[in-house]
Amino acid sequence: MNLIYTSDQKELIDAADGFFAGEHTVEYMRHLLESDTDDTPPSLWDNFSELGLLGLLAPEEKNGLAQDFSVMAGIAEMAGNAALTEPLIEIAGISVPVLDEMGAADELNAVIAGDLKVLPVCGLSGMVSHADLADIFLIGEGGKARLIDKNDVTLTPLKSIDPLRKLYKISKPGDGLDMIDQRGTILNASFLCGLSKRMVALSVDYAKDREQFGKQIGSFQAIKHQLANVHTQIEFTRPIVQLAATQMGRCVHQAKVSSIDTAMLAAETAIQVHGGMGYTFEVSLHMFMKRVWALCGEWGDRSHHINILETMILADDAELGPGTTFNY
Amino acid sequence: MEAVFSDEQNQFRQEVRDWLNANVPSERLPSLDTQEGFDLHREWERKLHAGNWGMVTWPEEFGGRGCSLTDWLIFEEEYYRADAPLRVSQNGIFLLGPTIMEYGTDEQKERFLKPMAAGDEIWAQAWSEPGAGSDMAAIRSKAVRDGDAYVITGQKIWSSRAVFADWCFGLFRTDPESSRHHGLSKILVPLDSPGLTVRPIAQLDGDPGFAELFFDEVRVPVDNLLGPEHGGWGVAMATAGFERGLLLRSPARFQAAAARLVKLYKQNANRLSSGIKEQVLQAWGDTERFTAATYALVAQVDSGASISSEASANKIFWSEMDRAMHRTAMTIMGMHAELEEGEGAIENGRWLDGYMFSLAGPIYAGTNEIQRNILAERVLGLPRQ
């Protein structure tokens, strides 16, 4: 029993964090938002491959780093902190281990090298972000993982409020598969934790900068206590997400529900702290907030996961109480 | 990151479980805030001590087992699973004991730790004063040096356990010229000292769970000074960290309550409105979150990190979770919620007692408003007022 990252694992997560913070900046996102087709900022995909992020979960003999899934969850949080716009987490965190489990060696190799994008599909919604970038889709169908070529599906563009993530409806979403959905749910929850953390940081910066009544607004308890609430919720969401990444099981659903509640609270608190500026397109907050709204419904929305929890917790043979949190 | 208990940990769990199965009283003891209940809880402490289960986290040399904090969480899980009695020695085990180990002289360790571990000396707190609650640095009770003694004059309040306990530990102003958090000292005082009057305060439930202490020139040997003279604030802060953080409330207590809540819900489900189900799931989920977070925090501490302001988030979370969980139980019980015992009372009023106690959680050990200030200023870096 040791619910912390080893120093090696932490180093990998910090390295990813450093890369996102340095390259996927607010300015980069703004550039993406404002660019027309000739002026698109460069994709970071080659860097992901060079940094070993794409092969993080693949076995060493397949050019991977053979890391635990919990490390990917840690990196997903950092990606959330940066509101990463490319589908790194989905491909490296879901497709790569599933391709390995499927024995799809050629595809795995190409994905790790950064030459192929296999995008996982959540069978629940049939909505896929970044689907325009995919070469192949990974779906669950009839209890099995299946690969479908992009030319064999129809993609219908959808209009999402999130301006930094192109969203499509896919004609063949499949009916889902645990090994895809569980990973998707956990990484989505981690990403939401990262977004929550960043919105608190943006709010703290703003509250230190903005003065009213001759004082920094961050010196008022009315502001402090709201941000302390969000901080507390984040600190008690991250560990259940990390536990879910480590052992799967029923805490996966709890992780998603808690990360949704935390992220929505973080977003609402952040806009309140920002005041009128938070309601503008000019201030960065909206890019993070809209991503929260988008991701809350992905990989099973709140009701989906609550309904599953209800079945598990209210069952007559449910094991509840002290000592039932861990699989042993 | 690893979420599996080792063979040794599983073996330890089994050992705890076996002992508790054989020794936990079959009936719940009366409240420890009554004389009868206090005496029975002291008996239970002696029994725990005899089995060497009293102070599992203490080093062996002081009468403990030297267990890691992870082992302590396992112990607590078994303890609450067995529905064992509340710990009347809690102030000693978790607050004063570790502080004496850190700041005490060898003589103090020898003098105080063993009787504390044995349940022979039960400790009360004496921190707050009528004018120093959340603003603890406003303490005015003074301890004036007179030869080899301190002479203490002043008043303390909200002193938990003081009505039936043997000793108290508190902060007193030893430097009369000082103000705020300077010039305070932590001093240990026998509650039967001449000049010390203990006036019980009835809690919400009517029992005298805490007291006011009036010190009228109470003489205490200077040997009872814990830590540096005039340096009591730092000593008290170390204790406050233990109290707010890990050691006061382990997850097991809340997990046991959440499991009881699910049962209560199922027994009443057919007459309840639909929203209550989600409140029950929220209660269970929050205890799981608290468990995961505590194991993570404990892993950090076991690996050598120290906790400081994290303790504030911890205290906010468990105290508000506990209150919400008990409020849900009150809602479920509906017209039966007010019944303390006898006909119609559910679980002999246990949820009602729990609800009242849960209302104190966000107030004691530093109000949650103070904890939020600490988080905002020391963790988030927002400016002080």
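This is a predicted model: local features need pLDDT of at least 70, side-chain atom pairs count only at pLDDT 80 or more; totals for chains, interfaces and linings use all residues.
Trp158(B) has a positive phi of about 60°, although it is not a glycine. As background, most residues other than glycine have a negative phi. Is Trp158(B) buried or exposed? It counts as buried, because 21 C-beta neighbours lie inside 10 Å of Trp158(B) and the cut-off for a buried residue is 20 or more.

Strand β3 of chain B covers residues 149–160, and it pairs with strand β2 of chain B, residues 142–146, in the antiparallel sense over five bridges. If you want one pair to look for, find Ala143(B), which stands opposite Ile152(B) in β3(B). Between the two strands of this hairpin there are two residues, and Gly147(B) takes a positive phi near 65° in the hairpin.

Step back and take in chain B as a whole. This chain contains eleven helices and eight strands. Its radius of gyration is 21 Å, close to the 21 Å that the globule rule gives for 385 residues, so chain B is as compact as a globular protein of that length. The C-alpha trace of chain B spans about 70 × 50 × 45 Å along its principal axes. Of the 385 residues of chain B, 46% count as buried. Contacts that reach across the sequence can be followed here too: among contacts in chain B between residues at least 6 apart in sequence, 71% join residues at least 24 apart.

Two of the helices of chain B give a clear example of packing. Helix α3 (residues 69–81) and helix α8 (residues 275–302) of chain B have axes that come within 8 Å and cross at roughly 145°. On the α3(B) side the contact is made by Leu69(B), Thr70(B) and Leu73(B), and on the α8(B) side by Thr294(B), Tyr295(B), Val298(B), Val301(B) and Asp302(B). By type, the residues of this contact divide into five nonpolar, two polar and one charged.

Strand β3 (residues 136–141) of chain A is mostly covered, with five of its six residues buried. This strand pairs with strand β1 (residues 118–120) of chain A in the parallel sense over three bridges, and Pro120(A) has Leu138(A) as its bridge partner in β3(A). With strand β4 (residues 144–149) of chain A, β3(A) runs antiparallel, joined by six bridges. There, Phe137(A) has Ile148(A) as its bridge partner in β4(A). The hairpin of β3(A) and β4(A) has two residues between the strands, and in it Gly142(A) takes a positive phi near 55°.

Another sheet in chain A is open, with three strands in the order β2-β6-β5 and antiparallel pairing. Strands β2 (127–129) and β5 (155–158) of chain A stand at the edges with a single partner strand each, so one side of each is left without a neighbour in the sheet. Neighbouring strands of this sheet are turned by 35° against each other on average, direction ignored. Four bridges join β5(A) to strand β6 (residues 167–170) of chain A, where Pro157(A) stands opposite Tyr168(A).

Our last stop is His130(A), in the loop between β2 and β3 of chain A. His130(A) has a positive phi of about 65° although it is not a glycine. His130(A) counts as partly exposed, because it has 18 C-beta neighbours inside 10 Å.

Notes. Residues are numbered from 1 along each chain as its sequence is written. Chains are lettered from A and ligands numbered from 1 in the order in which they are written. Two strands pair if DSSP finds at least two bridges between them. Axes are lines fitted to C-alpha atoms, for helices over the stretch in contact, and angles run from 0 to 180 degrees between N-to-C directions. The radius of gyration is taken over C-alpha atoms; the globule rule is 2.2 Å times the number of residues to the power 0.38. A residue is buried if 20 or more other C-beta atoms lie within 10 Å of its own, exposed if 12 or fewer, and partly exposed in between; C-beta atoms are placed from the backbone. Two residues are in contact if their C-beta atoms, placed from the backbone, lie within 7 Å. Ala, Val, Leu, Ile, Met, Phe, Trp, Tyr, Cys and Pro count as nonpolar, Asp, Glu, Lys and Arg as charged, and the others, Gly among them, as polar.
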